[in-house]
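Here is a short tour for anyone meeting this protein for the first time. Have a look at the sequence and the model, then read on.

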Amino acid sequence: LVFLVLGLSAVPACIVWDFIARRVGYLNSLLLSFVLQIVGILLPLAGGLIPAFVGATLFGGNFIGAVSLVLTMVGRYYPTRPAKMMGKMTIAYGIAQIAGPAVTGTLAARGGSYADGLYMAAAVMAVGTVLLVVLKVMAARGRENAVTAGNPV
């Protein structure tokens, strides 16, 4: 049932996150999506059916939405050759889709539960969130520098 909830939550994700991005910006939307995804990853560790369902809803509603947001951003930041960057990102995503479950399975076999795998996934997402915050700060500084140089942004 948890995987059904996850899948059903993913169905409207691209549309919902595009709507949110148009209101608050793509970078802010991606940051929010990452934070909600971290919560969704960690919630099942609380135990019980309700945290598992809420975690699945958050995870399902965010993972494909985050991919959609990033691909849209790539199209905007690389307008002349977006396919090249999207290809590189797809390769990286594919590698992670293979390596993540393999590492999680190894951790689960050694530790007897999936908790370490969930912590690892949340830690990777936390690193990504920090990198997004750095990107946001750099973008703000770039806008400030452009304005002080007399170039409207």
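## What lines the largest pocket

Sort the residues lining the largest pocket by type and you get 36 nonpolar, nine polar and one charged. Keep in mind as you read that this is a predicted model.

The space inside this pocket comes to about 1900 Å³. Its lining is made up of 46 residues, and the ones closest to the centre are Gln37, Tyr93, Ala96, Gln97 and Met125.

## A look at Gln37

Gln37, one of the residues closest to the pocket centre, sits in helix α3. Is Gln37 buried or exposed? Its relative accessibility is 6%, and since the cut-off for buried is under 20%, Gln37 counts as buried.

Who does Gln37 touch, once you skip its neighbours within four places in sequence? The answer is Phe59, Asn62, Phe63 and Met125. Met125 is a name to remember, as it is also among the residues closest to the centre of the largest pocket.

## The nonpolar core

Next up is the largest nonpolar core, a group of 16 residues. Those with the most contacts inside it are Tyr26, Leu30, Phe34, Leu69, Met73, Met125 and Leu132. Four helices, α2 (13–24), α3 (26–42), α4 (49–77) and α6 (115–148), each supply at least two residues of this core. The largest share comes from α3, which gives seven residues. As background, nonpolar side chains in soluble globular proteins tend to be buried together.

Setting aside its neighbours within four places in sequence, Leu132 is in contact with Leu27, Leu30, Leu31 and Phe34. Two of these partners, Leu30 and Phe34, are themselves on the list of core residues with the most contacts.

## One salt bridge

How many salt bridges does the structure hold? There is one, and it joins Asp18 to Arg22, with their closest N and O atoms 2.7 Å apart.

Both partners belong to helix α2, and because they are four residues apart, about one helical turn separates them.

Notes:
Residues are numbered from 1 along each chain as its sequence is written. This is a predicted model: local features need pLDDT of at least 70, side-chain atom pairs count only at pLDDT 80 or more; totals for chains, interfaces and linings use all residues. Side-chain values use heavy atoms; hydrogens and water are left out. A nonpolar core is a set of buried Ala, Val, Leu, Ile, Met, Phe, Trp, Tyr and Cys residues joined through side-chain atoms within 4.5 Å. Buried means under 20% relative accessible area, exposed over 50%, partly exposed in between (1.4 Å probe, protein chains only). Contact means heavy atoms within 4.5 Å. On a 1 Å grid over the protein atoms alone, a cavity is a set of points where a 1.4 Å probe fits but cannot get out, and a pocket is an open set with protein on both sides within 12 Å along at least five of seven lines; lining residues have an atom within 4 Å of a point. Grid points are joined across faces, edges and corners, and a volume is the space filled by probe spheres set on the points. Ala, Val, Leu, Ile, Met, Phe, Trp, Tyr, Cys and Pro count as nonpolar, Asp, Glu, Lys and Arg as charged, and the others, Gly among them, as polar. A salt bridge is a side-chain nitrogen of Lys or Arg within 4 Å of a carboxyl oxygen of Asp or Glu.
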